[in-house]
Amino acid sequence: MTQSIPITVTVNEKDYRREVEPRMLLSDFLRHELGLTGTHVGCEHGVCGACTILFDGESARSCLMFAVQADGHNITTVEGLAKDKDNLHPLQQSFWEAHGLQCGYCTPGILMSMIPFLKQHPDPTEEEIRHALSGNLCRCTGYQHIVDAVKLAAEKMK
Amino acid sequence: MKPAPFEYHAPDSIEQAVELYSQYNDEAKILAGGQSLVPAMNFRVVQPSVLVDLNRVSELSYIREDGDVLRIGSMARERHLEFDSLIPKWAPLLAEAVHFIAHPQIRNRGTIGGSIVNADPAAELPVLMVALNARLKAKNKSGERWISAPDFFVGMFTTALEPDEILVEIELPVSFPRTGWSFVEVAPRAGDYAMMGVAALVTVDEAGKCGNAKLVYLNAGEGPVEAKEAEQLLEGEALNDELMESVAVKASQEEINPFGNIHASPEFQRHLANVLTKKALKQALQRAGETS
């Protein structure tokens, strides 16, 4: 028997109504049902951090939640950060300026992890930044430029 | 890498949850934070035919003082433990250890009850429950019962819960006069599963002699491993370097039973246990002096 459950989810301040099968992962819901492909899917078991989103304002792995659990909740994805490509969020602008990405696969997850981190740590030390990045894997950069980008973002966002 | 189909229920009260869970018995799994269950479902290592999701049972999410105990609802998030002011005040060992649990993104969802019931030998919370002598309240349709943490963990990923019982509350004793604490672990990277870790509690009297001591290890056997003989070596003795060495040797060579994994051989795990035991004891001893 396949259940189909109606849900209403607010994503990037827009309400969406859909019917979902319980086993649909939130990450797949965002990508396949809503077309918000900025949320990337890497490992699908909560290790790589590429699928990180904000769930009611707090960072979470969207591959470790079911879409049906998001009913009535508020989600922000990377698409919710900037108004358009000419008005990037200061965090995105900093990643651009400091070369905080190469292939870019891990970037959305890192951005969505750093948004709440910078809110809680407006003036972070390098050690705090590195610790905060430990839940997101990047296979290109060696992290140095990501750390630089987060430092730059903290300056810009003061 | 996608879960097998299942039937989904999201009750909004404990009564409803217990009722639903008892209907399905062995076929159903409880979904708490989902940070261990969902990966296992994505890999199809676990294929429950029914999920009972507790995330809408708001009455299971609390941390409160109650006389000489602290009561924590089983759906309190690990992030909640990290930021609630009652935890450092009444359970400093737990406050110290919670930062070692995975990453903030995981702690935002992961729950205390979920981690306890998952009973992963490499997880921090089961070890802390044994070290703190927690009592765990299980509920089913016919009523409630309390299980002490050492009796709760019966094996690898196995607990004393009956198939229809749900863990609803964790009770922690908070009165530990003249007691120092320490939690230390070594992981390949911050937030990874630790290769070895230990939770220590040591009571020290005015003359500097140790009273009650707890040494409980993670990733050291089939569940949280308490080094009871090593603890007894401490009782009634003043803690010096020589005693610390004997305690560390006893625990790491004779009492724990690490299996080894891709990151560490059993010999290396025993070496880590030896070093971490001494580090934890030193810190606990120092803190016992400060809290007297």
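1. Within strand E12 of chain B, Leu201(B) is the bridge partner of Trp181(B). Strand E11 (residues 179–186) of chain B and strand E12 (residues 196–204) of chain B run antiparallel, joined by 8 bridges. Two strands count as paired if DSSP finds at least two bridges between them. Helices (H or I, at least four residues) and strands (E, at least two) are DSSP runs, numbered from the N terminus.

2. The model is predicted: local features need pLDDT of at least 70, side-chain atom pairs count only at pLDDT 80 or more, and totals for chains, interfaces and linings use all residues. Residues are numbered from 1 along each chain as its sequence is written, chains are lettered from A and ligands numbered from 1 in the order in which they are written, and side-chain values use heavy atoms, with hydrogens and water left out.

3. The chain B sheet is open and has 4 strands, in the order E11-E12-E13-E14, with antiparallel pairing. Its edge strands are E11 and strand E14 (225–226) of chain B; each pairs on one side only. Helix H8 (residues 124–131) of chain B packs on this sheet. H8 touches E11, E12, strand E13 (210–218) and E14 of chain B. Contact here means heavy atoms within 4.5 Å. The direction of H8 makes about 160 degrees with that of E13(B). Axes are lines fitted to C-alpha atoms, for helices over the stretch in contact, and angles run from 0 to 180 degrees between N-to-C directions.

4. Now the aromatic pairs. The structure holds 3 of them over all chains. Rings of Phe, Tyr and Trp (its six-membered ring) pair if their centres lie within 6.5 Å; planes under 30 degrees apart are stacked, over 60 edge-to-face, and the rest tilted. The rings of Phe100(B) and Phe183(B) have centres 5.4 Å apart and planes at 55 degrees, so this pair is tilted. The pair links distant parts of the chain, 83 residues apart. Phe100(B) lies in the loop between helix H5 (92–98) and helix H6 (104–107) of chain B, while Phe183(B) sits in strand E11.

5. Chain A has an open sheet of 5 strands with mixed pairing, in the order E2-E1-E5-E3-E4. Strand E2 (14–20) and strand E4 (58–61) of chain A are the edges, each pairing on one side only. From one strand to the next, the twist averages 40 degrees. Helix H3 (residues 107–120) of chain A packs on the sheet, touching strand E3 (52–55), E4 and strand E5 (74–76) of chain A. The direction of H3 makes about 35 degrees with that of E3(A).

6. Two pairings in that sheet deserve a look. Strand E1 (residues 5–11) of chain A pairs with E2(A) in the antiparallel sense, over 7 bridges. Val11(A) has Lys14(A) in E2(A) as its bridge partner. E3(A) and E4(A) are also antiparallel, over 4 bridges. There, Leu54(A) has Ser59(A) as its bridge partner. E3(A) and E4(A) form a hairpin with 2 residues between them, and Asp56(A) in the turn has a positive phi of about 50 degrees.

7. Next, helix against helix in chain A. The axes of helix H2 (residues 90–97) and helix H5 (residues 144–156) of chain A come within 8 Å and cross at roughly 135 degrees. H2(A) and H5(A) are therefore oblique to each other (angles under 35 degrees are roughly parallel, over 145 roughly antiparallel, 65 to 115 roughly perpendicular, the rest oblique). By class, their contact has 8 nonpolar, 2 polar and 2 charged residues. Ala, Val, Leu, Ile, Met, Phe, Trp, Tyr, Cys and Pro count as nonpolar, Asp, Glu, Lys and Arg as charged, and the others, Gly among them, as polar.

8. H2(A) also packs on H3(A), at about 125 degrees, with axes 10 Å apart. That makes H2(A) oblique to H3(A). Leu91(A), Gln92(A) and Phe95(A) in H2(A) meet residues of H3(A) including Ile110(A) and Met114(A). The contact has 7 nonpolar, 2 polar and no charged residues.

9. The axes of H3(A) and H5(A) come within 11 Å and cross at roughly 40 degrees. That makes H3(A) oblique to H5(A). Ile110(A), Met114(A), Phe117(A) and Leu118(A) in H3(A) meet Ile146(A), Val150(A), Ala153(A) and Ala154(A) in H5(A). What classes make up this contact? It has 8 nonpolar, no polar and no charged residues.
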